Amino acid sequence: DGVVVSEKVKSNNLDVKIPESELEAEEKGAEEEPPRESDSNILDVSSHYPRDKHISIQRHLADLEKLADLTGDEKKPCPLCPEEKFKACYSHKLHRHLQNLHWKVSVEFEGYRMCICHLSCRPVKPNLVGDQSLSKLGAHYHCIICSATIIRRTDMIGHINRHVNKGETESRFITVRAPKSSYEVVKESATDVQVLPNHSTPQKTDSYFNPKMKLNRQLIFCALAVLAGERKPIECLDAFGATGIMGLQWAKHLRSSVKVTINDCNENSVTMIKENCHLNKMKVKLNIKEEDNDETVGDGEENSDTIEVTKMDANVIMHLRAFDFIHLDPFGTSVNYLDSAFRNVRNLGIVSLTSTDISSLYAKAQHVALRHYGCNIVRTEYYKELAARAVIAAVTRAAARCNKGIEVLLAVALEHFVLVVVRVLRGPTPADDAAKKVRYLLHCQWCEERVFQKEGNMVEENPYQQLPCDCHSSMPGKTAVLLGPLWSGALFNTGFLRRMLLEAMQYGLDEVQPLLKTLVCEAECTTPKHFSTHSSGDENKQEECGVYIKTPNTSAESYLVHGKRKCEEVLRGAAKRQRAELSAEHPPFYYNIHRHSIKGMNMPKLNKFLTFLSEAGYRVSRTHFDPMGVRTNAPLAQFKTVLMKYSAPTYVGAQAEGPVHIPAEIQVAEQVPAVAEVKGEEAESVEDDESGVAAAVFTQSCPTHCAAD
């Protein structure tokens, strides 16, 4: 019927397994094997694509004319049209037909032209009758990549563009590995990895590597380096290896302090991880069940340059073995792997997870967040911190199901990912304490004020009373929404972050140091000018839940925990310290200074505003979640009061020296004592310069008249 069907690519998405022996024989004898008659008569053979392409896909118009065999004086049929659509004709008429009806309306891709085909390749709907409608419906294009049939030319162009954007090539549909010449070598933190050209496309490549996640990898490395300083050697797992870049960095820099296991369920990825290990001069310890001729290391030959590579499902390997450090970085959400991660993780170990499903976490797909995390969220000014607290709440519930509690060491939400690092505390008591910190959040949709619901199961008659704002009494209808459940505890551990910063300085990780400094200031709720590498107080205050931090006066053995009884004593002491330092935790959430700026006023610079708010008696710091965000324990009303107090009018003619005074109708009833004292001192200046201030207020209320004057 004029159609050549490829035996290698018979469907759109199914991969056909080809034995390696056949592939090697095919590669070696490709040049010696004589071409088949159908291949020689149909198309020009290319090394980039399979030999069995459809006859409508050609490189040049001359190749298409060669199919029609225009030589001779006999009438020839069109090779791309059925006889009922285009009858046989002489060569000059057939040439115009091929050029105008097939070649000019083709779709070009990498030197090939996908011409329109009228053959009976595509099934026709039976309800249409008649030759004209039959032939019109049968016109279609054949995709050179996935062998799909597309009717319209614009749809075919979009179809090819989607393949290009996803990085899909012919190798996606044929399980032949790409030649080594097509690999790219990427270097990061003194570690080399081989990747495929389409390495930046997840789920479509066997070597996914995202250069934008370098900051994420450095944060995880610093967290592992801190844990390696507490006890060694530690067993760590990279559950989703891909190229193996993260596990290679762990083993290359931390050496004998860690025993690295890199896992991936994709066979091609596992092969590439082994090649990358050899590229970085690392020995590979294979699974006992695996049989491979690669260079392996037995159980008795383990050393600092050995990496264990496994091919399992991530849930299976975490169920089978216990680890001190587990990192989860799947494509999308990681909630499917939390139960198995907390089942066998050792006491005082660390679990880190990277979630890249930001469309659901950042409230763009709220129904997906409800399905994955069991959390109701909306788009707010603090949506990034909301996403981090939703992930931690899911982690807390998964750990509690395994009778384990957590202590949050680090929570980072940036443009591309949400990273959460927690320490695991075994026992029902830490599990209960952590589960109590999962609460619902009351969020006012008018002014964006927010507060966590109080503990207890009793239903309140009027839950709006918990909100500091009075929007419910002044606005009609319901003004607040209930979000959650969310994590209501601290997002950072100051002592752990300081030690991460020291590790980043030690290993020369310059890109992550500014972020860690911001996180330390955010954890302490201080401004950057008060930041120092070492804490002002005794380092003994930087104790974390269940782990002693090494001080200059302690030996290496004094901060290690041995025995169950001593571990329980440490946990009880840590719980007492947590209750004593509960008031020193950083306040939850932040305010965006642009979101609450006053119309017609020039707000002060952010650093100056932090100083003004601190002088008013509040704790204040910047936040990594939002470059214009302010983390403070001040209520929103007082935040706006201080912001307007130190804002200047936009109109030049009405600007006055000193702060602008707030009109009486927008003053808040409950003023902070510090703010009230400042206003009391300025009362005399208001009386002396009453006319100037009245002019400024008049300018705000009547800008049109002032502009006319």
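**View 1. The side chain of K76 meets the backbone of D69 in this predicted model**. A polar atom of the K76 side chain lies 2.6 Å from the backbone oxygen of D69. K76 sits in a loop, with helix 3 (61-68) on one end and helix 4 (91-103) on the other. Is K76 buried or exposed? K76 counts as buried, because its relative accessibility is 15% and the cut-off for buried is under 20%. Which residues does K76 touch, leaving aside neighbours within four places in sequence? They are A68, D69, T71, A88, C89 and L94.

**View 2. N493 caps the N-terminal end of helix 17**. A side-chain oxygen of N493 lies 3.2 Å from the backbone nitrogen of G495. Helix 17 covers residues 494-506, 13 residues in total. From first C-alpha to last, helix 17 reaches 18 Å, close to the expected 18 Å. Just after helix 17 comes G508, with a positive phi of about 70°.

**View 3. Several elements cover the buried residues of helix 17**. Which residues of helix 17 are buried? They are G495, F496, L497, R498, R499, M500, L501, E503 and A504. Two helices are among the elements that cover them: helix 7 (214-230) and helix 18 (513-524). The cover also includes strand 13 (350-355), strand 14 (404-413) and strand 15 (418-426).

**View 4. Residues 143-163 carry a UniProt annotation**. The unreviewed UniProt entry places the feature "domain: C2H2-type" here, at residues 143-163. In the model, this stretch is 52% helix and 10% strand. The C-alpha atoms at its ends are 10 Å apart.

Conventions. Residues are numbered from 1 along each chain as its sequence is written. This is a predicted model: local features need pLDDT of at least 70, side-chain atom pairs count only at pLDDT 80 or more; totals for chains, interfaces and linings use all residues. Side-chain values use heavy atoms; hydrogens and water are left out. Helices (H or I, at least four residues) and strands (E, at least two) are DSSP runs, numbered from the N terminus. The expected span of a helix is 1.5 Å times one less than its number of residues. Buried means under 20% relative accessible area, exposed over 50%, partly exposed in between (1.4 Å probe, protein chains only). Contact means heavy atoms within 4.5 Å. A polar contact is a pair of N or O atoms within 3.5 Å; within protein, one must be able to donate a hydrogen and the other to accept it, and residues adjacent in sequence count only if both atoms are side-chain atoms. UniProt positions are given in the numbering used here, feature names are shortened, and annotations may be inferred rather than shown by experiment.
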